[in-house]
2 protein chains.
Amino acid sequence: MKHLQDFRYIEAVMRAGSIRKAADDMNITASALNRRIQRFESEFGYEIFERMPRGVRLNPAGELLLQHFRSQQSDLKRVQSQVADLAGERRGHISIACSQALSPYFLPAHISAYRTEHPGVTFSVNIRDRAAAEQDLITFKSDLALVLEPVHMVDFSVLSAIPQVVNAVMRKDHPLAAQSEVRLRECLDYPHVMPSSAYAVRHMLERALAGTSRTLQPVIQSDSFDFMRHYVEFEDAISFQISIGLRLTEQSGLISRPISTRDMPAGSLLLGQMKGRTLPIASARFAETLIVAMERLNTGQT
Amino acid sequence: MKHLQDFRYIEAVMRAGSIRKAADDMNITASALNRRIQRFESEFGYEIFERMPRGVRLNPAGELLLQHFRSQQSDLKRVQSQVADLAGERRGHISIACSQALSPYFLPAHISAYRTEHPGVTFSVNIRDRAAAEQDLITFKSDLALVLEPVHMVDFSVLSAIPQVVNAVMRKDHPLAAQSEVRLRECLDYPHVMPSSAYAVRHMLERALAGTSRTLQPVIQSDSFDFMRHYVEFEDAISFQISIGLRLTEQSGLISRPISTRDMPAGSLLLGQMKGRTLPIASARFAETLIVAMERLNTGQT
DNA sequence: AAAACTGGTGCATCAAATGCAACGCTCATT
DNA sequence: AATGAGCGTTGCATTTGATGCACCAGTTTT
């Protein structure tokens, strides 16, 4: 869309931090880009960049403007999606930010099911930690977020929620495997691997231990739940994962045991969108199917 | 703003109903305008006009797109107003749609009070019947609406409400002037003038008489409450107006008497905005002062 | 002090938007 | 049936506005 050209340039300048670098990125001369920005600022009525000796930076006015542009760009996509819908095309693109735990089973299953019904719909699945997922919504990079225990919750409008207990993942022959549920302190007696601090599971573990004398002493710390699960197959340690990310098969040699809710209350897995935003048709429809699926999980678990 | 040029052209074509007429209005050639629209449609991905032998008309996709443009234009104004605010300029423009009853006293008083504090803020006051006021909100022509008994209430988000009883307006020497309140049927025994059917007062009167044997037989029907009030000074008839529009002085020779609520329940005067929209700083602030004023009226009347 | 950046500007150049004239079409009138 | 007025559309010459290049003035790094 041509009328958003200025926006693209402004965003590029913001990212690059200097007009010249941005000009290079956008395959244009610095002078041309500079003039575009000057013209825009003059039309807009206010400067949107702070000129510094080493480059430029968005000023508060520019931040506001950028947010406006992002919202308008996303709303235009919504309109296009709606038009496609009334033209009977039923196509569109859905961008969803989610925690790692959703990536092995839950999301692939539901996306694939949705795509058999609507083959014209395409997806972007962005694996994000809980803070980044919210940021994705705010910057309109994702339409939906499916995230465990979000941080800020401002501009986050909850569409659905299900409780998720943290499970200890271990080998079948592990001493704790005999129990149907395990205590947190038992787990810490054994070598344990855990996610880095950006992740909700880590946050929940630390919150559970706050006020106790026990501390986390992970032998491995990683930002990949997939890696941690596989690592346990090699060293006889304990890893952690929420239930929705678990569907351990026989041949994997691993089993999972829920950590007693006496030690750790269940966390909330939330499906949400940017507050106040109207989602494109496709995203709204997919969100509905996710909500149904989550409610089914909820009643099925109870 | 240059990047909204296409929008202005599209809107002009919609209004004119033909590309050639619109081109004339916008001081451009038909061919140039035609090409702009073609280019836009190709970028957008869908046709937005229905080509007919006698001209063009927006198709549903076009309607959707126009609504998007209007919202985006209004949001850009909001951003500008917000930037002006953080630059300490405290300026902006407020467009308000209101019923006629607000025009003599209520709005002038509050607008003037607001402008003494913020001289940089300018106003558009659009007198509209109750249906048109809502339409103004939807098309983003007005930021706020202050209207008696709106019709549809879809996309209308209520900010504040006060009850308004209909008053009978008559000469001081009118027989009914002796009473402190009057019955509706008494009024109809005398010659009466009343607003045309687009207005809420007329609608309330008709609703009050529905199911009774009495009917309205106005000697004068007008769309100007101002005219009707002045007419009563000449012919000894009865006119109607809600309380907020009345502040009859001694020298006018007129008095007003409320119609008994046994005959007609009080109507609601609603302050509202377009649902889901974020108002510009100036409009939001002015709305707050109106809300305070309306609450004060509410408690003062009780 | 020199080098390497930055944003900003004058001027020639080039691409894109525009204006003009004409075409094909439909509809109302003759 | 013929005609003319109105419509959207298109080819081509023209003009406007955006771009690229060279350069300046300033600041930071070397």
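This is a predicted model: local features need pLDDT of at least 70, side-chain atom pairs count only at pLDDT 80 or more; totals for chains, interfaces and linings use all residues.
Residues are numbered from 1 along each chain as its sequence is written; chains are lettered from A and ligands numbered from 1 in the order written.

**Exercise 1.** Work out how chain A relates to chain B.

Step 1. Superpose by least squares on C-alpha atoms of residues with pLDDT of at least 70 in both copies. Step 2. Step 3. That is the relation of a two-fold axis. Step 4. In chain A, His3(A) has the C-alpha nearest the axis, 2.4 Å from it.

**Exercise 2.** Describe the surface near DNA strand D.

Step 1. Take residues whose C-beta atom, placed from the backbone, lies within 6 Å of the strand. Step 2. Of the 21 residues, those that come nearest include Thr29(A), Pro53(A) and Ile19(B). Step 3. H3(B) gives the most, five residues; helices (H or I, at least four residues) are DSSP runs, numbered from the N terminus. Step 4. By class, six are nonpolar, seven polar and eight charged. Here Ala, Val, Leu, Ile, Met, Phe, Trp, Tyr, Cys and Pro count as nonpolar, Asp, Glu, Lys and Arg as charged, the others, Gly among them, as polar.

**Exercise 3.** List contacts of Cys98(A).

Step 1. Contact means C-beta atoms, placed from the backbone, within 7 Å. Step 2. Leave out residues up to four places away in sequence. Step 3. Cys98(A) touches, among others, Leu107(A), Ile127(A) and Ala145(A).

Definitions and conventions: Helices (H or I, at least four residues) and strands (E, at least two) are DSSP runs, numbered from the N terminus. Two residues are in contact if their C-beta atoms, placed from the backbone, lie within 7 Å.
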